[in-house]
Amino acid sequence: MTETHTIDPVTRVEGHGKITIDVDEDGTVEDAKFHVTEFRGFEEFVEGRPVWEMPEITARICGICPVSHQLAAAKALDEIADVDLPPAAVKLRELLHVGQVAQSHALSFFYLSSPDLLLGYDADPARRNIEGVLEEEPELAERGIELRSYGQSIIGALGGKEVHPDFAIGGGVTNTLDREAGEELLERSEPLVGYVRETIDRLRDVFTEMDEETLDYATYPTGYMGLVDGEGGLEHYDGDVRLIDADGERLEQFPSGDYEAVIGERSVDWSYLKFPYYRERGFEDGQYRVGPLARLNLVDDVGTPAAREEWEAFRDAADGGVHERSTYYHWARLIEICYCIERSRELLEDDDVYDGQPNVSTRPVRRNGVGVIEAPRGTLIHEYDVDDDGIVTNANFVVATTHNNAAMNRGVRSAAEAFVDGPELPEGILNKIESVIRCYDPCLSCSTHAIGDMPLEVTLERDGEVLDEVSR
Amino acid sequence: MTADASPGDGSANAHGGGPRGREPTGPPGESAGADEPADGEPVVGEPAVGERIDEPAADVLVLGVGNDIKRDDAVGLLVADRLAETLDAPGVAVRAMTSGRIMLIEELSGYEAVYLVDSVVTTHGTPGDWYVLDPEDVEPAAESGGVATHNVGLGTLRTLGEAMGESMPAMTIFAIEVADPFEYGEELTAAMREALPSVVEAIEGRLVEELPGAELVDADVPPPSDAW
């Protein structure tokens, strides 16, 4: 028997975001909120499981950035096992990580954000996508594709499969890198720094030509948080956590295991995402941002030559302060791609990644472990409590999207206040509001699909009455 | 978005594939690799079923997609695991992949044709309904801006793959209506557990019809219904 079904809509298997905008009688925005209706329950899911499973199983939180979770979990296991890693293991993990950051940033900038920036926020939505960029600026688009592909190839060369590599484990990594694969990557990486720098030049031209209102519609003061290395330089894999205020003054620098003493989390009834804040300043005044903009705002140096030059130009443009524009996340993201390419080349030229000792034996020694890394989107924290048998009794994850939750809400409100006027939501305005969220490139879900859409519902309300509603 | 689709014929006759469970990565109290000599030698195990480690040797790929720790979201993986046991077709590879969207480019590249098996939630569907769709049926609406990098349709995927110099295949989608692909868990919902055997059988039948020289083997494998 065959019958015809009408599927309306083919939807979701992705996460789900929702924005509500409240306006008064005059159409003036009173409030705006970005609700995340997914991402829940993972901490409970892992309780009762052996902690040595965590690098592999937490990687499955996300089909897009599994490496970050795997590394954070592996670092927590190192603490639980109380082991020092061989130098090769650290370098191999860092190589995996810079590959991940490069590919993720390239995905975010070239595939998702460049259509807004290069084609215009008000461009025909049917063309305002990577295909449109391929038509308008094919060289730039193809370079973006190659940059992402290079990062993926690093992950593939180390992990054996490119999406969910079973590579980082407690005590190190599973294997060293094949030298032939490393040499291929080195050769392939040669033009990439040039690609990124030319794209940065292109982006700066875009910013120069951009009207002030668009450039500044999501600009606001916050603190900034991220890892730094021993000299205060840019660091994605390890180091202390630094927190600065809205003027760039250092508030805290602490070992990652102390995060709970510094960072509080508040729950609200309208979002599954918690709202972290700097405890000492309280919820209202203690909001901060993480991710590429935060990292480049708070470091004292960037450790590779081309990226250092780009960062110095970025820093100088802030006139001695910090950059508050959310739109500058894109600029910072490109500088970090440059750093990751250069850093990958340094690591690929190091014999340790081919011939070193990849791991040490581990057994549960301590009852608690914290692993912190800088995921592409910002600081990622994994903490596990275990019993004598290494079974997880409690877990806490603070993901980058959570850290940025308050900032995303503030940005949505800022954009709504700037552009919403009246009882309707024109498409171009809608896209500007969405683009604020895209600056932070949030992970909203963890389903992994080939089909379907990721609905975003935007509702304009007055005293609870829905004036306009858009779902797309 | 609206799409017309024909559901498969779901005559029930339970067959089961093994759960896509993970092998323990190490004995209790030790991490994976902990017993291996720490001398720089790789400690990678054998590739798991479904992992792609090199260029395709087959012309046709049957690819199950999903997240095996999000309840019904695992159905694409379970169907692929089952088909790996039962489907004997020349030039056809069966794989499972726990990622999607843009990450599929490299996975799909080089095949002439790909059958994607995925879960779906529709407005009026019942768990166990399944639909045969073309990529354009499930392409996100043109005006959909999206807020996360996941939001790439299969049409865009093809364009991007070709821009990357990849050979992108013709695609057919077997979308299986599920009840709960949202919560974390390794067990299917009761509704999906009940419906899945007939869906598997129907998809097996469809593939045998479509793939030249294909036949089913090991059809007497008992259904591990407890695991489903």
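Guide: A residue is called buried under 20% relative accessible area, exposed over 50%, and partly exposed in between, with a 1.4 Å probe and protein chains only. The model is predicted, so local features need pLDDT of at least 70, side-chain atom pairs count only at pLDDT 80 or more, and totals for chains, interfaces and linings use all residues. Residues are numbered from 1 along each chain as its sequence is written, chains are lettered from A and ligands numbered from 1 in the order in which they are written, and side-chain values use heavy atoms, with hydrogens and water left out.

Visitor: Why is Arg71(B) called partly exposed?

Guide: The relative accessible area of Arg71(B) is 21%. Partly exposed is the class between the buried limit of under 20% and the exposed limit of over 50%, so Arg71(B) belongs there. Arg71(B) sits in the loop between strand E2 (60-65) and helix H1 (75-86) of chain B. Here helices (H or I, at least four residues) and strands (E, at least two) are DSSP runs, numbered from the N terminus.

Visitor: What makes the phi of Arg71(B) worth a remark?

Guide: Most residues other than glycine have a negative phi. Arg71(B), which is not glycine, has a positive phi near 45 degrees. Asp82(A), also not a glycine, has a positive phi of about 55 degrees. Asp82(A) lies in the loop between helix H3 (66-81) and H4 of chain A.

Visitor: Why does Asp82(A) count as exposed?

Guide: Its relative accessibility is 53%, and because exposed means over 50%, Asp82(A) qualifies.

Visitor: How do you know whether Arg148(A) is buried or exposed?

Guide: The relative accessible area of Arg148(A) is 0%, which is under 20%, so the residue is buried. Arg148(A) belongs to helix H6 (residues 138-159) of chain A. Contact means heavy atoms within 4.5 Å. Leaving aside residues up to four places away in sequence, Arg148(A) touches residues of chain A, including Gln103(A) and Tyr111(A), and residues of chain B, including Met103(B) and Glu106(B).

Visitor: Why are H4(A) and H6(A) called roughly antiparallel?

Guide: Two packed helices are described by the angle between their axes and the distance between the axes. The axes of helix H4 (residues 87-119) of chain A and H6(A) come within 8 Å and cross at roughly 155 degrees. Axes are lines fitted to C-alpha atoms, for helices over the stretch in contact, and angles run from 0 to 180 degrees between N-to-C directions. Angles under 35 degrees count as roughly parallel, over 145 as roughly antiparallel, 65 to 115 as roughly perpendicular and the rest as oblique. H4(A) and H6(A) are therefore roughly antiparallel.

Visitor: What is the composition of the contact of H4(A) with H6(A)?

Guide: Among the residues that meet are Leu92(A), Gln103(A) and Phe110(A) in H4(A), and Gly144(A), Arg148(A) and Ile155(A) in H6(A). The contact residues divide into 14 nonpolar, 6 polar and 1 charged. Ala, Val, Leu, Ile, Met, Phe, Trp, Tyr, Cys and Pro count as nonpolar, Asp, Glu, Lys and Arg as charged, and the others, Gly among them, as polar.

Visitor: How do you know that E13(A) and E14(A) pair, and in which sense?

Guide: Two strands pair if DSSP finds at least two bridges between them. E13(A) and strand E14 (residues 378-386) of chain A have 8 bridges, in the antiparallel sense; Ile373(A) stands opposite Leu380(A) in E14(A). A hairpin joins E13(A) to E14(A) through 2 residues.

Visitor: Why is E13(A) called largely enclosed?

Guide: In strand E13 (residues 368-375) of chain A, 7 of the 8 residues are buried, so the rest of the structure largely encloses this strand.

Visitor: What makes E9 and E12 of chain A edge strands?

Guide: An open sheet of 4 strands, with mixed pairing, runs in the order E9-E8-E7-E12 in chain A. Strand E9 (250-254) and strand E12 (288-289) each pair on one side only. Strand E7 (residues 223-228) of chain A pairs with E12(A) in the parallel sense over 2 bridges, with Gly223(A) and Tyr288(A) as bridge partners.
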